[in-house]
Every structure is written in structure tokens, then in C-alpha cells.
Amino acid sequence: MQDNSFIYSPLGQDEFRLLRLRWVQGDDDYNHEDTRVLVECELTHHSLDSSPHYTALSYTWGTDLPSRRTKINGKSILIRENLYSFFNQLLSQEHRNETARTGDRSIPPSNRGLEGKQEQGSNPGEPKPSTESYWWIDALCINQSDLPERSAQVTQMRRIYSQAQRIAIWLGPAADESDLAMEAYRSYPRAAGSRTPKEGIEEWFKSLPHDALGKLAQRSWWQRVWVWQEATTPRVPIEFWCGTSRVSFDDMYAANEAIGKRKNYPYDGVFPYNNNLYAMRQLGASRAGRSATIYISPLWLLDEGTRLAATDPRDRVYALLPIWDELQRENMPQEKKKSVPIDYQLDAEEVFRLATVYTLKHLPRRLEILKKCICNRDGTFRRYSWVPDMSDERISKPWSLFVDFFARQKAPEPDFDPELKFSKDMTAISIRAYLISFIKYEYSPIGRNEDVIALDPDLWEARYRTWIRKLGERAFPNFEDRPYAGGGLVSAAVDKLLTFNRMVAGVPVKHWPVLEVAKFNFSALPDPQTVLRSGPREFKFGMSCTSLIETRDGYLGAAMPGVRVGDALVGIPGISCPVALRSDRGIWRIVGCIYVVGLSDRKSWGPEIETTEFVIT
């Protein structure tokens, strides 16, 4: 990160900075055709209790290095391209608006503040106007190099956005026909009341630019974790900006919901509904005290933080989890009111541990957050095995056993109290859980770098063929079907194992001809085409990165890489499938969830299984 600390002076107690922008064209060689601008800013200090009207900007920083020059308090610094494009677009547009009003294209906008407001000295002899425009932009208003200040200011971000006169969301410059998409949202026919008039609706649907709407919904802004806090701020007007186009949050949401409710209308292959906009609206409704169709909980907020992108992994917690305090503060018992402190001097693992403790304390009988715990690919562990690594793409990335199955399973109601306890230093937990079985066989694909495999189709095709071959050897050692430990036949269990990613969605189990291929000397068959044709591409990729396991009782299953022979299968309240634990001299560590055919729901574990206490570090 670029060190711009030389432009900042220390903030006082309960102070924050606002940014005043000026567009400064070069010396006397002003060219009104030149769309490049030099932005000059002034940082001013204000009390959080008393500040001028300001607009808070919500945007994405981008991953590029700062390369665009600007001036703050008379000192030159570099800013990133996306912020520069916002300044450039905004100020250029205001100059065009002024040109249209006056008809004089040669007047330089040299001393105009944001949105064309004249500043002192614009025209000699005129009274000096007092109106000024202020903005809050996190990258510039916070000294990002000062960790204590950064922690204190980020703690105040919800208040800073809630006190803004408005929030402007910058989706980026115009591209991919985004002007058409923004116009479609803006032109959606809305009545003065809550009901939409029928006239004009059909014509509006006929002219929808589906591809442009779909691409606008895929812009990086929707996937950044911080914008979900910013764009759900209650009781503040919010407006989307893209290029020169603007549309209010309410108008975009109304149009998007009309698209989502529409059935049986033709489109060109890109469904234009924006799921993120819907979820944002529901979170915003909860924050405003209105009813919402999504149940907001600490675990839901952490799930969203894990799914969304963040440059700093700690922000997956800091951006959304404090909203739970905001929602529950009045009804929260005193012992639960201590929230996760925003402190950028803590490392990511400590922040994740605090967030996990916070979540478990609020839901002590529902231990579903432990479902997100996965050991390293090589079977080793991080500092705390019971703390999810919220920056691990395996719990958020498509085509994985976790995302396709475990994350989609509905958490069951706990049938007993797990008696959750924390160690004195809060670095270990103890719970009561069911000890179901142990792993006696495990096959892991050679190598575990999913990204490399995804780029090499031949590699994951070969891994997939080997995986199926190993399954055939374990399931049909004598090349014939036999009774399965969980009831029925092994061939039916194999079908369920190979259809795990579709069972959750309610898709019927299909037959996989593993036994049929095995009868024709499966181990020597280099390319079992019959089996390969039965599997979708994404499934082959997923299985090529998944471990095959068999329990001591003869149950077959699949797990994230890292499980080992001897690991215990444990049933934990609030988690629908078994969890693998590994013992080290009486202390246990979480390996990860496992899908086992016939053992992946509480009812199949049997009433005779007793609970055991596990101390997990």
C-alpha cells in the first residue's frame, strides 16, 4: 500500500475527515476537448457530532497499483484508476452541463467545486459564495498507513454513512452497453403508489437489454464485502452511478424485482435478474427495522463475508458482523454485548477466532459455523482447527464438495445440548457429540492445487478416471454387487455418492455404470467412456480434487482433501453431516465435513450411539 501519511494531520477525539474537490485545469493552455482532469482536493477535519452536509462514496478500490496523480492539501499523490475515473467522469460531466447552460465551451472550469458549484474567486468582483461540497471517500479520508487510526475510523463507518446526506454508488465507467441497462432500470413504469401500472409494462419488457443488465450485475462492485455495509445503510438516499447514468436504489430494485417475478418471457440466454441487489435490499430492510424475507444472523453475515471479495481478509468480519450488534443491541443480554473489536493490528487468524467465539456465544446450541472448518490440503492444521479460515476459497468457490453439498444442506434442529465450553484463554472449545465411526481407507488425488487442475482439462479428466477406478475397486472388489452397510445394494450407494451435488437440489438419483465397467476389467480400462459421458464437466473437476473414503463399517463417502486413515467421524449438533476429527494424545482437531452415503443425516446414526466429550484446539 502506498504511504500517503505525509498529507495527514492527526485526528482529534470523535473527528473524521471530509474531502473537498476542485477541478484544476493546467495553466493557460486549457483545452475543453481534453477529458483528462487534474483533481485537487482539500482534507478538512470535522466532528462526528457536527459536520457540513456531505456525500459518502461507495466504490471498489481495484487491484491495480495507484497510477493517477492528484493533489491533496497541495501535495501530489497517486490514486487508483477506478477512483480517478469517478472524479474524471463526474467533473467532466459537470463541465458539460455548465457548457450546455452557458453556451460557452471555452470557459475553463478551473475553480469549480464538485457538481459545478462556484468557489471563491471564480469571477473577480463577485460576492464570494459560502456553499461548499464535501465527500467522504475511505481511501483518502482515512490514513490507511496508520493502523490505530484505520481501526478507529472503520469502527465509525456505519455512523459516517448513516449521517451522510446521500450515498453515491460508483459502478464504474460506461462499458458493455451499461447506459442501456441503467436506462432500463430508470424507465421501469412505477405508479405513484405501491402498485405498478399495467400500461407500458409489456413494452418495457420487450425492450429489456438482457445482456447489458446481466453484465452490469457482474461488475466487481457487487462482489466486494464493504459495499454491502455501505449500500444497506438505512434512511439515507442511495443512488447508483455508472458512466454518465444515474438511477436511484429504489428504482433499480423495483425494476429488478419485476424481472425476477416475470415468467415465460423470452430472453437471449443471459438472465438479467440481480440476486445481490435483492439480498442487499433485505439486509437494508432489517437494518431499518422493517420485515425481511432473509433471516439475518451472525452466521449469515459471516457466510456473506466469506463469499464476497476483500483485499484484506480481516474485512470479511469487520464489514458485516458489526451489523448484528446494530440489529440486536436493545434485546441483547449484557454478557453478549461485547462485539468483535475492529483492530488492524490483529492478524487474520485472531480476527477469525474472535468472530467464531462471538457467533458461538450467540448460538451456543447451534454449532453450524464449525461446518466451515477445513484443514490444510496436506492434512496439517492452522493455529485453531475450530476456527474457519474465512479467506479459504474452498468454502466459497464453486465446483467444490463444500459449496455444492455441505453449504447447501439445511441445518437440523439440535436434538441435545452440546454443552459448549471455552478454555480460559478462549483458544480451545469442548463439546459433546456423537462418535459414529472411523475412516479405514482414504484415496486422495495426486496433488491438490485446484486452480492448476481447472486450467488443465486433460489433468482433471485423468484424475477423475483414476478416482472412479479407485471407487470401483473399493465398491466391487469381486466385480459383483453386494449388500451395503447402510441398507440396499452397494451399486445404489455408489449412485448416491456420485450424485451428491444434485441430491440437495432435489434432482433424482441417476445410475452410474461403475459396476458394469468394473466387470470388464475396470483397472485396466484407460478411458471408461461410459462413465465419463455420465458426468457433467463441473462434477469431474470437483471429484478430481476430492478424497474418496470408506469407514470401518463399510460405508462409502467423499471428503475435502486432508482426511487420513484413523480420523473419527463425529455427529455435531446443528450440522447435518458427519465431521472428521483427528486425535493427538486426547486433544482433537477438526479435519472437515464428510459426505457418507447412509450416514449423512442425524436419523441414520441410530439411537444407540452415545455422546462423547471432545476437547478441540
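**Reading helices, cores and cysteines**

Student: Which residues of α7 are buried?

Tutor: His 210, Ala 212, Leu 213, Gly 214, Leu 216 and Ala 217 are the buried residues in α7. Keep in mind that this is a predicted model.

Student: How is that list to be read for the helix as a whole, and what do the buried residues of α7 pack against?

Tutor: Buried means under 20% relative accessible area. In α7, 6 of the 8 residues are buried, so the helix is largely enclosed by the rest of the structure. The elements that the buried residues pack against are β8 (166-172), α5, β9 (238-242) and α9.

Student: At what angle do the axes of α5 and α7 cross?

Tutor: For a helix pair, look at the distance between the axes and then at the angle. Helix α5 (residues 178-186) and helix α7 (residues 210-217) have axes that come within 8 Å and cross at roughly 95 degrees. Angles of 65 to 115 degrees count as roughly perpendicular, and α5 and α7 are therefore roughly perpendicular to each other.

Student: Which residues meet in that pair?

Tutor: From α5 come Ser 178, Ala 181, Met 182, Ala 184 and Tyr 185, and they meet Ala 212, Leu 213 and Leu 216 of α7. Sorted by class, the contact of α5 with α7 has 7 nonpolar residues, 1 polar and no charged ones.

Student: What is the angle between α11 and α14?

Tutor: Helix α11 (residues 298-307) packs with helix α14 (residues 348-362) at about 150 degrees, and their axes are 9 Å apart. Angles over 145 degrees count as roughly antiparallel, and α11 and α14 are therefore roughly antiparallel to each other. Pro 298, Leu 299 and Leu 302 make the contact from α11, with Ala 355, Thr 359 and His 362 from α14. By class, the residues of the contact of α11 with α14 are 4 nonpolar, 2 polar and no charged.

Student: Where is Met 426, and how does one read its phi?

Tutor: Most residues other than glycine have a negative phi. Met 426 has a positive value, near 60 degrees, and is placed in the loop between β11 (421-422) and β12 (429-443). Asp 14 also has a positive phi, near 55 degrees. Asp 14 is found in the segment before β1 (15-24) and counts as partly exposed, at 35% relative accessibility.

Student: How many residues does the largest nonpolar core have?

Tutor: The largest nonpolar core has 123 residues, and those with the most contacts inside it are Trp 136, Phe 240, Val 317, Leu 370 and Trp 386. Helix α9 (residues 249-261) gives the most to this core, with 7 residues. Leaving aside neighbours within four places in sequence, Leu 370 is in contact with Trp 386, Ile 429, Ile 572, Ile 575 and Ile 590. Another core, of 38 residues, lies apart from the largest one, and its members include Tyr 441, Leu 471, Val 514 and Ile 594.

Student: How many disulfides does the structure hold?

Tutor: A disulfide needs two cysteine sulfur atoms within 2.5 Å. The structure holds 0 disulfides. For Cys 141, the closest cysteine sulfur is in Cys 41, 9.0 Å away, too far for a bond. Cys 141 is buried, with a relative accessible area of 0%. Cys 373 is in no disulfide either, with the nearest cysteine sulfur, in Cys 593, 8.5 Å away. Cys 373 counts as buried too, at 1% relative accessibility.

Student: What are the totals for helices and strands in the chain?

Tutor: There are 22 helices and 18 strands. The chain has 617 residues, of which 52% count as buried. Among contacts with a separation of 6 or more, 71% are between residues 24 or more positions apart.

Definitions and conventions
Residues are numbered from 1 along each chain as its sequence is written. This is a predicted model: local features need pLDDT of at least 70, side-chain atom pairs count only at pLDDT 80 or more; totals for chains, interfaces and linings use all residues. Side-chain values use heavy atoms; hydrogens and water are left out. A nonpolar core is a set of buried Ala, Val, Leu, Ile, Met, Phe, Trp, Tyr and Cys residues joined through side-chain atoms within 4.5 Å. Buried means under 20% relative accessible area, exposed over 50%, partly exposed in between (1.4 Å probe, protein chains only). Helices (H or I, at least four residues) and strands (E, at least two) are DSSP runs, numbered from the N terminus. Contact means heavy atoms within 4.5 Å. Axes are lines fitted to C-alpha atoms, for helices over the stretch in contact, and angles run from 0 to 180 degrees between N-to-C directions. Angles under 35 degrees count as roughly parallel, over 145 as roughly antiparallel, 65 to 115 as roughly perpendicular and the rest as oblique. Ala, Val, Leu, Ile, Met, Phe, Trp, Tyr, Cys and Pro count as nonpolar, Asp, Glu, Lys and Arg as charged, and the others, Gly among them, as polar.
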